[in-house]
Amino acid sequence: MELNSYMEHGIKSISSTISAFYLNNLKGIKFISGFVPSLARASRLRKESEKNGLHIPPFLIASISSKCNLHCIGCYARADGMCTEGGRNDEMTAGEWKKIFTEADEIGVSFILLAGGEPLIRKDVMNTAAEFKHIAFPVFTNGTLIDDEYIEFFDKNRNMIPVISMEGDSAQTDIRRGAGVAESIAKTMAELKKRGILFAVSVTVTSENLCNAVTEEYLNELREKGCGVVFYVEYVPAEKGTERLVLSHKDTEWLNNETQRLKKIKKDMTILCFPGDEEYMEGCLAAGRGFFHIAPDGSAEPCPFSPFSVHNMKSCSIKEVLESRFFSNVRDISRNEKVHNGGCTLFNHENDVRKSIEN
């Protein structure tokens, strides 16, 4: 299926899940009544840009914080130095992020994934994002900082969607994220369900949790807890010494086939698999095909797993980054990958990405 058509289909699937979830929820219905027309408006804007020769991705990834309160095994953000113990002194201000969100709204970006570090540390940016009701902000969080104040925040701002990171069952979650984390986020999910707040779960799929986390039983358990969307993300060995967690080619093939099967069964949930879904989107979505990544300091990077940059959002626009020679070169790298064998394309072509900076 052609890229734009496939992505529009995915957006409609997410929209349908949100609409069904909020069918009998007054606050949710109010949000949906404004958000669904916004999706149509954004789609029209992207199509207009496409006619003029500029492809606008429907997604952005914004790492708004370089701090985190956890030390998860294999964390890519700590491995590449983006996330540090005391945080960075060059993080963008809430005002600088507002400028980015404003342009994104104007050109037709529908979803901005907020990440980190731990994004909930930046309450100023969270409050800024909440103002942009035409955009949905999935907030990728470890969940441990969702206190009563944040529950109220998510209840009031339904365009801010918590995406809680888990590793499968409680034991697997605690092994990777720390003792007591599973219990903490279980209480958070119970409170979100009680308030009728849509939330998602992000599972980093490894060789150790593949057979437990990618099952109909696990999805049923999450749905019972109130989860409406599940992200399956293949583990990328950014931290040396964690190669044992990487999926084999056979594992990746099984994951792709199984998630496609589960999508057909679980009609009451949206299931997304990265980078597995790229097999059906004609390659890697980084560098603006489907998204690009903005680091806490404003560096415009092809992807969180390919942290190389030529431009900085403090002085550049989204359009300028998308039209840059660097991003064009990176897209060529992905395009030349004739067969998708699983894993992260750009991570596997790190040297080629480095060289493209110079061209």
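Start by selecting Phe-153: this residue is buried, with a relative accessible area of 10%. Buried here means under 20% relative accessible area, exposed over 50%, and partly exposed in between, using a 1.4 Å probe and protein chains only.

The model is predicted: local features need pLDDT of at least 70, side-chain atom pairs count only at pLDDT 80 or more, and totals for chains, interfaces and linings use all residues. Numbering runs from 1 along each chain as its sequence is written, and side-chain values use heavy atoms, leaving out hydrogens and water.

A search of the whole structure finds 14 aromatic pairs. Phe-153 and Phe-154 form one that is edge-to-face, 5.5 Å centre to centre with 75° between the planes. Rings of Phe, Tyr and Trp (its six-membered ring) pair if their centres lie within 6.5 Å; planes under 30 degrees apart are stacked, over 60 edge-to-face, the rest tilted.

Next, select Phe-31, Phe-35, Phe-59 and Phe-111. These form one aromatic cluster.

Move to helix H5, residues 123-130. Its buried residues are Val-125, Met-126, Thr-128, Ala-129 and Ala-130. Their cover includes helices H4 (94-107) and H6 (148-156), and strands S2 (111-115), S3 (137-141) and S4 (160-166). Helices (H or I, at least four residues) and strands (E, at least two) are DSSP runs, numbered from the N terminus.

Last stop: Thr-17, in helix H1 (residues 3-21). Thr-17 counts as buried because its relative accessibility is 8%. Leaving aside neighbours within four places in sequence, Thr-17 is in contact (heavy atoms within 4.5 Å) with Gly-228, Val-229, Asp-268, Met-269 and Thr-270.
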